[in-house]
Amino acid sequence: YCMHGAQGELLYVGKSTQVRTRLLSYFRLPWPEHRHARLLRETARITWEPLGSEFAALLREVRLIRAHLPPYNIRSARPLDRWWVVT
């Protein structure tokens, strides 16, 4: 799911198998201490994209974060060239 600001800017990208439950949990967070409570105040629109698997959702999330660098995804904005896959 993507949370957008008033001007349409991408504020946050997340993934969840229970989007409704995840979004409702943001309303129970303490204001202004928690960053997701602050995010909720800035959000004007929420969009979501159903995908076929959890792996597809994770890949889409990473690609959106890298392409847009949303301000509330700071911890997830690592460069993709430094990721390792161990098999």
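Predicted model: local features only at pLDDT ≥ 70, side-chain atom pairs only at ≥ 80, totals over all residues.
Local features were taken only where pLDDT is at least 70 and side-chain atom pairs only at pLDDT 80 or more, whereas totals for chains, interfaces and linings use all residues. Residues are numbered from 1 along each chain as its sequence is written, and side-chain values use heavy atoms, with hydrogens and water left out.

The protein contains three helices and three strands. Helices (H or I, at least four residues) and strands (E, at least two) are DSSP runs, numbered from the N terminus. From that terminus on, the order of elements is β-β-α-α-β-α. Of the 87 residues, 26% are buried; buried means under 20% relative accessible area, exposed over 50%, and partly exposed in between (1.4 Å probe, protein chains only). Contact was defined as heavy atoms within 4.5 Å. Among contacts between residues at least 6 apart in sequence, 51% join residues at least 24 apart.

The three strands form an open sheet in the order S2-S1-S3, with antiparallel pairing. Strands S2 (10-13) and S3 (45-47) are the edge strands, each pairing on one side only. From one strand to the next, the twist averages 20°; axes are lines fitted to C-alpha atoms, for helices over the stretch in contact, and angles run from 0 to 180 degrees between N-to-C directions. Helix H2 (residues 35-42) packs on the sheet and touches S1 and S2, its direction making about 135° with that of S2. Two strands were taken to pair if DSSP finds at least two bridges between them. S1 and S2 are antiparallel over three bridges, and Cys2 has Val13 in S2 as its bridge partner. These two strands form a hairpin with five residues between them, and Gly8 in the turn has a positive phi of about 90°. S1 and S3 are likewise joined in the antiparallel sense over three bridges, with Met3 opposite Ile46 in S3.

His4 lies in strand S1 (residues 2-4) and counts as buried because its relative accessibility is 11%. The side chains of His4 and Thr47 are joined by a polar contact of 3.1 Å. A polar contact is a pair of N or O atoms within 3.5 Å; within protein, one must be able to donate a hydrogen and the other to accept it, and residues adjacent in sequence count only if both atoms are side-chain atoms. Residues up to four places away in sequence not counted, His4 touches several others, among them Glu9, Leu10, Glu42 and Arg45. Ile46, in strand S3, is partly exposed at 30% relative accessibility. Apart from neighbours within four places in sequence, Ile46 is in contact with Cys2, Met3 and Leu23. The C-alpha atoms of Ile46 and Gly5 are separated by 9.1 Å, although the two residues are 41 apart along the chain.

The largest nonpolar core has eight residues: Tyr1, Met3, Leu11, Tyr12, Leu23, Tyr26, Leu39 and Tyr72. Such a core is a set of buried Ala, Val, Leu, Ile, Met, Phe, Trp, Tyr and Cys residues joined through side-chain atoms within 4.5 Å. Beyond its neighbours within four places in sequence, Leu39 contacts Met3, Leu11, Tyr12 and Tyr72. A second, separate core of five residues includes Leu10, Val13, Leu64 and Ile65.

One aromatic pair is present in the structure. Rings of Phe, Tyr and Trp (its six-membered ring) pair if their centres lie within 6.5 Å; planes under 30 degrees apart count as stacked, over 60 as edge-to-face and the rest as tilted. The rings of Tyr1 and Tyr12 have centres 6.0 Å apart and planes at 50°, so this pair is tilted. It links distant parts of the chain, with Tyr1 in the segment before S1 and Tyr12 in strand S2, eleven residues apart. Tyr1 and Tyr12 are both buried.

A cis peptide bond, with omega about -5°, joins Trp31 and Pro32; Pro32 is in the loop between helix H1 (19-25) and H2. Pro50 is placed in the loop between S3 and helix H3 (54-68) and is exposed, with a relative accessible area of 71%. Pro50 and Lys15 are 35 residues apart in sequence, with a C-alpha to C-alpha distance of 9.8 Å. Leu69, in the segment after H3, is not a glycine but has a positive phi of about 45°. Leu69 is partly exposed, at 49% relative accessibility.
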